[in-house]
Amino acid sequence: MHGGWLAIAGLGPGSEALVTPEVSAALAAATDVVGYIPYVRRVSPRSGLTRHESDNRVELDRARHALEMAQAGRRVVVVSSGDPGVFAMAAAVFEAVEEGPEEWRGIDIRVLPGITAMLAAAARAGAPLGHDFCAINLSDNLKPWDVIERRLRLAVEADLAIALYNPRSQARPEGFGRAIALLRSCCEPNRLIIFARAVSTPEEALRVVPLAAARAEMADMRSVVLIGSSATRRVPGTSFVYTPRKVTG
Ligand SMILES: C[S@@+](CC[C@H](N)C(=O)[O-])C[C@H]1O[C@@H](n2cnc3c(N)ncnc32)[C@H](O)[C@@H]1O
């Protein structure tokens, strides 16, 4: 059968207004949507569209299922929140292609970008990522905790602003507390920390605190945490936070 394709699409941080027209068009043309349950549920049901919901821990199985359907001629969209290339499904699909049967390499695959959580959060706060920055996933499901700590320490040493994804879950409540302790050991107490929860949804909450006041309970799995660089500051007389674009040597 011919005409099948696979789009790996980012649904943005939550609001419909932040879904790109390109992603909406792919969803309108799809026969199948595949993804983690809450993301698939963000796609409205319609006749001719089958929604395949799966648990979060089965990314590779989900990717293989999507590839099998595309190979069989279906028009498949794999959905992620935010951007599909940021701690999400795009890498899982390519890993499945790399390990899978030869014929999968000929599948028409496209990655459709979305607005990732750190950019949505940064926009709400002002411009905290206005200079060099990095993103670190605090989940230790897919990497050991000592790698996370090392990367965090080196990012602080390089004076980057840092976006922390997956800061805290019920399964790993202690990791983020350890990250805060590490930051306290190498940053000044007034370093700005932005806790951004459920950005662009009705539950959105934004909080900016100095490192000295930061507590692990301020984040959950719906939060992204932005750690300022040493230059990140408040704009006097406003609620905005920004990082100047210029660093003097
Ligand atoms: C598995 S990662 C997926 C990231 C996603 N691909 C992206 O680009 O935003 C899930 C993490 O993204 C962050 N996140 C996703 N949506 C968010 C939102 N609306 N507000 C704040 N953080 C969000 C949280 O850190 C959450 O634990």
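Predicted model: local features only at pLDDT ≥ 70, side-chain atom pairs only at ≥ 80, totals over all residues.
## Where the ligand sits

The ligand is found in the largest pocket of the structure, where 19 residues surround the ligand, the closest being D83, V86, T116, M221 and S223.

An oxygen atom of the ligand lies 2.9 Å from a backbone N or O atom of A117, while a polar backbone atom of V199 is 2.9 Å from a nitrogen atom of the ligand. For V224, a backbone N or O atom lies 3.4 Å from a nitrogen atom of the ligand. Taken alone, the ligand would expose 570 Å², and the protein buries 89% of that area.

## A salt bridge within a helix

Side chains of opposite charge can pair when their charged atoms come close. The structure holds nine salt bridges, and one of them joins R64 to D61, with their closest N and O atoms 3.0 Å apart. Both residues belong to helix α3, which covers residues 59-71, and because they are three residues apart there, about one helical turn separates R64 from D61.

Conventions
Residues numbered from 1 in each chain as written. Heavy atoms only, no water. Near = heavy atom within 4 Å. Polar contact = N/O pair within 3.5 Å; in protein donor to acceptor, adjacent residues only side chain to side chain. Areas by Shrake-Rupley, 256 points an atom, 1.4 Å probe, with all protein chains shown as cover. 1 Å grid on protein atoms, 1.4 Å probe; cavity = no way out; pocket = protein on both sides within 12 Å on 5 of 7 lines; lining within 4 Å. Sits in = over half its atoms within 2 Å of the grid points. Salt bridge = Lys/Arg side-chain N within 4 Å of Asp/Glu carboxyl O. Helix = DSSP H or I, 4+ residues; strand = E, 2+ residues; numbered from the N terminus.
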